[in-house]
Amino acid sequence: MTTPSAPVSAAPPEGASAWVTIDLHAISDNVRELVRRTPGAELMAVVKADAYGHGLEQSARAAVAGGATWLGVAQLSEALQLRAAGVTTRALTWLYAPGADFGAAIDADLDISVSAPWALDAVVAAARERGRIARVHAKVDTGLARNGALGEGWTELVAALGPVVAEGAVELVGVWSHFALADAPRHPTVLAQRERFVDAVAELERAGIRPSVRHLANSAATLTNPDAHFDLVRPGLAVYGLSPVPDLGAPEDFGLREAMRVTARLALVKHAPAGQGVSYGHAYTTTQDTLLGLVPLGYADGIPRHAGSVGPVGVDGRRLTVAGRVCMDQFVLDLGPSYAGAAGDEVVILGRGADGEPTAQDWATAVGTINYEIVTRVSSRLPRVVLGGQA
Ligand SMILES: Cc1ncc(COP(=O)(O)O)c(C=O)c1O
């Protein structure tokens, strides 16, 4: 059963000129839908980068309420932040450099990814020092050529794991990898990476090591590639209701809905004559006597500077485009001569496509990036309005 959609316009903070609304019901419902689509697999909600801009702790709790049994973050500091907030869900951290405080990770009951023998050595040293068992996920690079042990490197990592698993310093909980082109499910690398993953697991098993969770699927593979689900799926973007494969479907086509809405109030509405250059560089010029509206959001708030003259904004049911350049704190809209509103009117920067609002995907398309970047860029200086949950 899904939680009814929360209202999309909660009261903004007193006097705020712009704000971000996060619908935690949407996050829980999205996870519920992803769980429904992945029978037999557990779900790790990826909440790195402040939960893709949606708020780490509150999003993690909402994801767990929807059925996530794991949380995933890149940085150790993010995992420790979850623990400090009292989130006790099993959590994996995977990106660090030599010198990382693995002792703190073990003390905080975190699972740690290792991609190389040096990392395993450091984790083992911290575990021995504490007389505790470190929980490790071995990462194999199946072809992304980013993190993970590649080729002979994997064989070396498996060899290094044997004795420390036998000694009991390490529990090898998981084996995992990440796709390069999951958003193109028919691309030959997708099949090739899956095959390499299966071989890598077999190599571990031949060494007498049996991980309990094998995981490979991000959002795109979770939604489009059941063969990649294995024991655990690891979606991030889809948790927040965005489509990882916009060419294949909008969020609603996958039973998802966007959890983030960004709203602003016009700071000023004023008449301008035809031929008036607008904003820095006069990259836009009015074509008629008109009304200009000032939106108090700029690139310091996460509005891409590249959105000048292309970024979509919802105004009174219409879709307008940023007029001229985006500045650090503000940009301008040409509201047209018959605009009947005034300063203080709400405009929608991004929200739910199904409700007719410009979406993160629309912004991504307009500026030539991906929806991931649009939502994760939204600045922490904007106040948050949270719908649902106790956060
Ligand atoms: C290793 C890893 N797994 C899973 C994810 C989640 O990916 P997505 O947001 O595409 O679902 C990410 C995100 O980039 C990642 O780096």
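Trainee: What should I know before we start?
Mentor: This is a predicted model, where local features need pLDDT of at least 70, side-chain atom pairs count only at pLDDT 80 or more, and totals for chains, interfaces and linings use all residues. Residues are numbered from 1 along each chain as its sequence is written, and side-chain values use heavy atoms, with hydrogens and water left out.

Trainee: How many helices and strands does the protein chain have, and what makes a run count as one?
Mentor: There are 11 helices and 19 strands. Helices are DSSP runs of H or I with at least four residues; strands are runs of E with at least two; numbering starts at the N terminus.

Trainee: Why is V322 called buried?
Mentor: Buried means under 20% relative accessible area, exposed means over 50%, and partly exposed lies in between (1.4 Å probe, protein chains only). V322 has 2% relative accessibility, so V322 counts as buried. V322 sits in strand β16, residues 318-323. Across the protein chain, 53% of the 391 residues count as buried.

Trainee: Which residues is V322 in contact with, leaving aside its neighbours within four places in sequence?
Mentor: Contact means heavy atoms within 4.5 Å. By that test, the partners of V322 include A307, F331, L333 and W363, once neighbours within four places in sequence are set aside. As for R352, it is 30 residues from V322 in sequence and 19 Å away in space, C-alpha to C-alpha.

Trainee: Is H229 buried or exposed?
Mentor: H229 has 7% relative accessibility, so H229 counts as buried. H229 is in the loop between α9 (219-224) and β9 (232-233). Leaving aside neighbours within four places in sequence, its contacts include R37, T38, R214 and T222.

Trainee: And what makes T222 buried or exposed?
Mentor: T222 has 2% relative accessibility, so T222 is buried too. T222 lies in helix α9. Its contacts, with neighbours up to four places away left out, include L34, T38, H229 and P235.

Trainee: Why is G275 called exposed?
Mentor: G275 has a relative accessible area of 53%, so G275 is exposed. The loop between β11 (268-272) and β12 (277-278) holds G275. G275 touches T285 and T286, not counting residues up to four places away in sequence.

Trainee: Which residues of helix α3 are buried?
Mentor: In α3, residues 56-65, the buried ones are L56, Q58, S59, A60, A62 and A63. After α3 comes G67, with a positive phi near 120°.

Trainee: How is the protein chain divided into domains?
Mentor: Domain 1 covers 24-240 and domain 2 covers 260-387. The contact between them takes nine residues from domain 1 and nine residues from domain 2. Such bounds come from an automatic or database domain assignment. The C-alpha centres of the two domains lie 38 Å apart.
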